[in-house]
Structure formats: C-alpha cells, structure tokens
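User: I want to learn how to read a structure like this one. Please take me through it feature by feature.

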Amino acid sequence: MTTTWTAAHRAAAINPRENLALFESRGFTDQTVRQSLRLAGGGEAVRIHLTNRYGTTPLDIGGAHLALRTKGSGIDPGSDTPLRFSGNPTVTIPAGEETISDPVELPVSAGEELTLSLYLPGDTGPTTFTAMPYDTGHAVPGNQLSAAVLEDPEEFATGHLLAGADVLAPAGTRIAVAFGDSWIEGAATTPGTDNSFPGQLSRRLTHGWIVNAGISGNRLLTDEIGEHLLARIDHDVLAVPGVSHVIIHIGLNDLGLPGHFAHPEQPAESPTAAEFKAGLTTLADRLHTAGLTVIGSTIGPYKGTVHDGYDTPRGQAVRAEVNAWLLGDDHPFDGIVDVAAAVADPDRPDRIRDEFNAGDGLHVNDAGAKAIADAVDVTLLDL
C-alpha cells in the first residue's frame with residue numbers, strides 16, 4: 001500500500017512576548033518536560049514537529065522520547081522510543097524555526113494517546129507555547145526521559161514547543177483543519193478528553209479526520225492573541241499535509257476583546273460588520289485559491305458574559321448582522337455550520353443555554369461542544 005505523511009495532531013502557537021497576555025508562558029532550565037497528545041488518525045509510523053518559532057535564541061533539545069501514555073505523567077516503558085533528528089539524538093532549533101523528527105515505526109490508531117518527553121538542558125527563556133494543549137503537562141529536574149512515571153512533577157496548563165504529529169497514512173487520506181478561536185481550540189472543555197467540537201466532530205467521520213488549529217483569544221483581523229487568522233493561513237492550514245477542508249469559527253474576540261482590554265478606562269471600537277465580512281471573504285478566497293473546501297460558521301452567542309467590557313451593544317449589533325449574512329445566500333463559503341443556533345438559549349438566543357454554558361457566558365462546556373458537533377452536516381466534510 002502506498003502511504004504518505006498526513007497530519008494527525010496540531011497545536012497552534014503563541015508568541016510569549018505579546019502585549020496582550022491572556023495566558024502565562026514560561027521557560028525551562030535543566031528539566032525534563034513531558035506532554036501528551038491524542039492522535040486524530042492512525043498510520044504505520046509517526047513523526048513529531050517541534051517549534052522555536054517565537055524563540056529569540058537557539059533552543060537546545062538534549063534528548064527526546066516518544067511513548068504510549070498510561071495516565072498522568074506515566075508512559076508504557078515497552079513503547080518508549082528515543083527520537084532522532086537527521087540521525088542525531090539531540091538537536092538545536094534556531095530562533096524562529098521548527099524541526100521535524102525522524103520517523104518512528106510505531107503503528108498507531110485514531111484516539112491513541114502518545115507522550116512526548118523533552119530534555120531541555122539549558123535556559124530556554126520564554127518558549128513558544130499553546131494556550132490549551134491536549135492535557136496537563138509535567139516537568140521535573142534533570143534528564144528523566146525514560147522514567148516510567150515522573151515523581152512529584154510540576155504541572156502546567158499550557159503547551160510548550162510541541163507543534164504537532166504526522167502519521168504515515170494510506171495515500172489519498174484527506175483531513176480537515178479546524179481553524180479559529182477558543183470555540184475551535186476547546187477552551188472550557190475537559191482537559192485530556194479531546195472534547196472540543198472539532199474533536200467530537202472528528203469522531204463522527206467515517207473517512208479522514210480533523211486536526212485542531214484553534215487559538216483561544218484569536219482574532220480574524222488583529223494580532224494578539226496569536227497572529228490574526230488571515231496571517232496564519234500559510235503556516236497553520238496550507239502547510240498541513242493532507243488538508244482538503246477547513247472549518248472556521250472566528251469573531252468573538254474581534255468583537256469583545258477591544259472592550260475587555262480597554263475596560264473601564266476608555267471606550268474601544270470593534271470592527272464594523274462591513275470590515276468583518278470583508279475579512280471573512282478574503283479568508284475564504286485565499287483558501288479557495290489553494291483548492292480547499294471552506295466551511296464557515298455563525299459567531300456563537302455571548303450576551304451576559306462575566307468578562308468585563310466584552311459584551312457591548314456595538315459588538316452584538318455586528319454579530320447579528322454578520323450572522324444574518326452568513327445564513328443568507330451571499331457569503332463566500334462552501335457551507336455554513338450554525339454554531340450559534342446549536343447552543344443558543346431558545347428564549348434568549350443571544351445567550352448560551354444554561355446546560356451548555358461553561359460558566360462564564362462566553363464558552364461552551366463538553367455538552368455544548370457536542371451540540372455543535374452534532375449540528376454539523378457531515379456531508380460537508382467529503383474527506
């Protein structure tokens with residue numbers, strides 16, 4: 001059987017030196033860092049992507065191992081395999097660059113949990129990171145790459161240096177990239193469950209799968225948190241091996257973050273509906289030019305959110321106008337998922353219904369993410 005490298009996991013990156021910091025980044029010094037991931041699809045072998053994309057100095061990797069996860073920081077020792085980079089057990093990743101490990105012949109299936117262990121011998125400085133990784137990470141002093149379990153590890157909630165994993169899958173395997181904000185990334189869903197709506201939707205598919213390129217706090221038109229969506233297209237979509245479809249949810253932060261960060265000192269203006277529609281059209285056109293099928297979605301409800309300054313009359317008016325346009329006949333997408341309707345309170349459609357509310361009025365819980373996944377017409381994903 002002919003095979004090809006296909007993305008099975010992605011983690012979109014944030015610059016730790018952004019001015020608007022919703023998440024606290026960190027560095028490591030003479031530590032083993034252990035992080036887990038769940039594969040969206042399977043294949044005959046695996047390779048790992050590491051990133052120093054936003055580092056300002058070279059990043060020394062003193063060793064890297066890949067293993068099947070047991071639970072917590074534990075690994076199956078029988079599966080523990082040293083990674084190599086162009087045949088070497090160590091690698092230095094220049095500032096601003098990324099690297100891919102040599103392949104590991106490890107047959108894997110969709111849903112398999114792997115654990116990556118990195119030994120970082122020097123002072124990394126603030127690392128390129130991910131807001132919402134698959135699960136809690138662990139760090140311990142020194143080189144403990146092969147430890148079956150890390151004793152008394154430090155835990156951290158962000159992801160670091162891990163950009164993704166590819167699998168050697170049958171040729172012709174096609175996948176979708178879920179692209180957007182916290183509703184894509186799965187903020188407020190249960191860590192370690194892959195219960196974001198793209199994760200739950202991926203498990204509905206009979207062919208292909210979905211990898212997640214969401215960034216919590218991300219915007220369509222403005223940098224921070226993360227590069228804005230239009231700037232992320234090449235790296236986070238077009239460079240992903242196997243991509244044929246893109247699923248997008250974006251807009252909440254364009255409408256809400258200006259007021260949230262300005263509150264209460266000064267007013268702040270979000271984009272107009274015309275500006276936002278123009279941005280979405282540019283996004284769809286660029287993805288279509290690359291030959292991809294592009295699925296848009298309505299902007300989720302957030303009226304009454306607890307985040308100060310986020311909910312404004314101007315933002316709600318723009319959301320209503322943009323959603324009406326997306327549900328009409330003039331939008332530029334190949335299909336639309338009505339995310340808003342899937343989770344809205346029927347009596348107050350500008351709010352998340354109580355059983356789907358993660359507690360802040362802005363994010364959905366596991367059940368809300370499932371409602372969105374269940375609302376998607378899977379025939380849109382002809383993978």
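Analyst: Start with the naming of elements. Helices (H or I, at least four residues) and strands (E, at least two) are DSSP runs, numbered from the N terminus. The model is predicted: local features need pLDDT of at least 70, side-chain atom pairs count only at pLDDT 80 or more, and totals for chains, interfaces and linings use all residues. Residues are numbered from 1 along each chain as its sequence is written, and side-chain values use heavy atoms, with hydrogens and water left out.

User: How far apart are Asp-236 and Arg-232 in helix H3?

Analyst: They are four residues apart, which means a separation of about one helical turn. Their side chains meet in a salt bridge, 2.7 Å from N to O. The term means a side-chain nitrogen of Lys or Arg within 4 Å of a carboxyl oxygen of Asp or Glu. Both Asp-236 and Arg-232 are buried. Buried means under 20% relative accessible area, exposed over 50%, and partly exposed in between (1.4 Å probe, protein chains only).

User: How many salt bridges are there by this rule?

Analyst: The count is 14. One of them joins Asp-166 to Arg-10, with the closest N and O atoms 2.9 Å apart. Asp-166 sits in strand S14 and Arg-10 in strand S1, so the pair ties together parts 156 residues apart in sequence. Asp-166 is buried at 0% relative accessibility, and Arg-10 is buried at 14%. Arg-10, Arg-47 and Asp-166 are linked in a network of salt bridges.

User: Which residue forms a salt bridge with Glu-227?

Analyst: Arg-53 does, with the closest N and O atoms 3.0 Å apart. Glu-227 lies in the loop between S16 and helix H3 (229-238), and Arg-53 in the loop between strands S3 (46-51) and S4 (59-61), so this pair ties together parts 174 residues apart in sequence. Glu-227 is partly exposed at 27%, whereas Arg-53 is buried at 17%.

User: Now the strands. How do I read a sheet?

Analyst: Strands of a sheet pair through backbone hydrogen bonds, either parallel or antiparallel. Here two strands count as paired if DSSP finds at least two bridges between them. Six strands form an open, antiparallel sheet in the order S6-S5-S9-S2-S11-S12. S6 (81-82) and S12 (154-156) are the edges; each has a single partner strand, so one side of each is left without a neighbour in the sheet. S11 (residues 137-141) and S12 pair over three bridges, and His-138 stands opposite Glu-155 in S12.

User: Which strand do seven bridges join to S1?

Analyst: Strand S14 (residues 162-170), and the two run antiparallel. Trp-5 stands opposite Leu-168 in S14. Six of the eight residues of S1 are buried, so S1 is largely enclosed by the rest of the structure.

User: What about aromatic pairs?

Analyst: Rings of Phe, Tyr and Trp (its six-membered ring) pair if their centres lie within 6.5 Å; planes under 30 degrees apart count as stacked, over 60 as edge-to-face and the rest as tilted. This rule gives two aromatic pairs. One of them, Tyr-302 with Tyr-310, is edge-to-face: 5.6 Å centre to centre, 85° between the planes. Tyr-302 is buried, with a relative accessible area of 0%. Tyr-310 is buried too, at 2%.
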